[in-house]
Amino acid sequence: MSEGDPGIGRRYLQETRYTRAGLGERGRVYPRGEPYKHYPAASMRVKLNPEAGRRPQDLWECLKRRRSLRQYRERPLTQEELAALLWATQGISLAVRNFLFRTAPSAGALYPVETYLAVLRVEGLEPGIWHFHVPEFSLELLSAGHYGPALAAACLSQNFMATAAVDFIWTGVLNRCQWKYRERAIRYLFLDAGHICQNLMLAATALGLGCCPVGAFFDEEVERLVGVDGEEEVSLYLAAVGPL
């Protein structure tokens, strides 16, 4: 970086500011992305119950007890616990015409964040990389195998990713929101992922589970694990979950 150059991050913030004079550049047009991803060729599909696994808990107590926890017991998660976590993060809370509103907010209700799971120990689920199909509330097996060590290595050797029961991997589909918000949409991708992760942490706390978010990772290695291109769909955020 040359002297006087503020750096790409600061330039991005400056060039995507909204002002009274204008809402950013208007010249570039992006195609409208599909609202959901689906893998019809998945080797296995498991339907979950969105009503399962929820326990009555006091919100204020969960907020007080929420911590980033990295040490987990070896017992597997139940499918009911996993269903509760998935519903808390991206479950459909209201259907109005063609809009499927979710438990976490999203700019323009566009929901550009996709959820993948590295399943290590969940009852009735084969270890591997799974994709969460939101409309059906189902999981699609993309690749069977024990991916904990590879994911830990991709997360700068944060070894708790390999000892968790399940690792959440969130990606962003750029054109799902750039068609509307253009370059500023990149800001919203990360805001959306943050809302989702906070819901996961609160739900894990309510269920007596440990959870730790991860923002330090080698982007390409994570993208390769879940099979996305790193250009139209990019890695955003991860979180490990396991029993305490």
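This is a predicted model: local features need pLDDT of at least 70, side-chain atom pairs count only at pLDDT 80 or more; totals for chains, interfaces and linings use all residues.
Residues are numbered from 1 along each chain as its sequence is written, and side-chain values use heavy atoms, leaving out hydrogens and water.

Me: In what order do the 7 strands of the open sheet stand?
Reply: Strands here are DSSP runs of E, at least two residues long, numbered from the N terminus. Two strands pair if DSSP finds at least two bridges between them. The pairing in this open sheet is antiparallel, and the order is β1-β6-β5-β4-β7-β9-β8.

Me: Which are the edge strands?
Reply: In the order β1-β6-β5-β4-β7-β9-β8, look for strands that pair on one side only. The edge strands are β1 and β8 (209-214).

Me: Which helix packs on the sheet, touching β4, β5, β6, β7 and β9?
Reply: Contact means heavy atoms within 4.5 Å. Helices are DSSP runs of H or I with at least four residues. Axes are lines fitted to C-alpha atoms, for helices over the stretch in contact, and angles run from 0 to 180 degrees between N-to-C directions. The helix makes about 75 degrees with the direction of β9 (233-243), and its name is α8 (residues 219-226).

Me: Which residue stands opposite R45 in β6?
Reply: Strand β1 covers residues 44-47, and β6 covers residues 138-144. These two pair in the antiparallel sense over 4 bridges. Opposite R45 stands E140.

Me: How many bridges pair β5 with β6?
Reply: Strand β5 spans residues 128-133 and runs antiparallel to β6. G128 stands opposite A144. The number of bridges is 6.

Me: Which residue takes a positive phi in the hairpin of β5 and β6?
Reply: Most residues other than glycine have a negative phi. This hairpin has 4 residues between the strands. The phi is near 50 degrees, and the residue is F137.

Me: Which residue takes a positive phi in the hairpin of β2 and β3?
Reply: Strands β2 (residues 92-96) and β3 (residues 99-102) run antiparallel, joined by 4 bridges. I92 stands opposite R102. The hairpin has 2 residues between the strands, and the one with phi near 55 degrees is R97.

Me: Is S157 buried or exposed?
Reply: S157 lies in the loop between α4 and α5. Its phi is positive, near 60 degrees. Buried means under 20% relative accessible area, exposed over 50%, and partly exposed in between (1.4 Å probe, protein chains only). At 53%, S157 is exposed.

Me: Why does L156 count as partly exposed?
Reply: L156 is found in the loop between α4 (148-154) and α5 (160-163). Its phi is positive too, about 60 degrees. L156 counts as partly exposed because its relative accessible area is 46%.

Me: What accessible area do L59, W60 and L63 have together?
Reply: Patches join residues with over 30% relative accessible area and no salt bridge: like charges within 9 Å, nonpolar side chains (Val, Leu, Ile, Met, Phe, Trp, Tyr) within 5 Å. A salt bridge puts a side-chain nitrogen of Lys or Arg within 4 Å of a carboxyl oxygen of Asp or Glu. Accessible areas come from the Shrake-Rupley method with a 1.4 Å probe, and for residues only the protein chains shown count as cover. These three form a nonpolar surface patch of about 350 Å².
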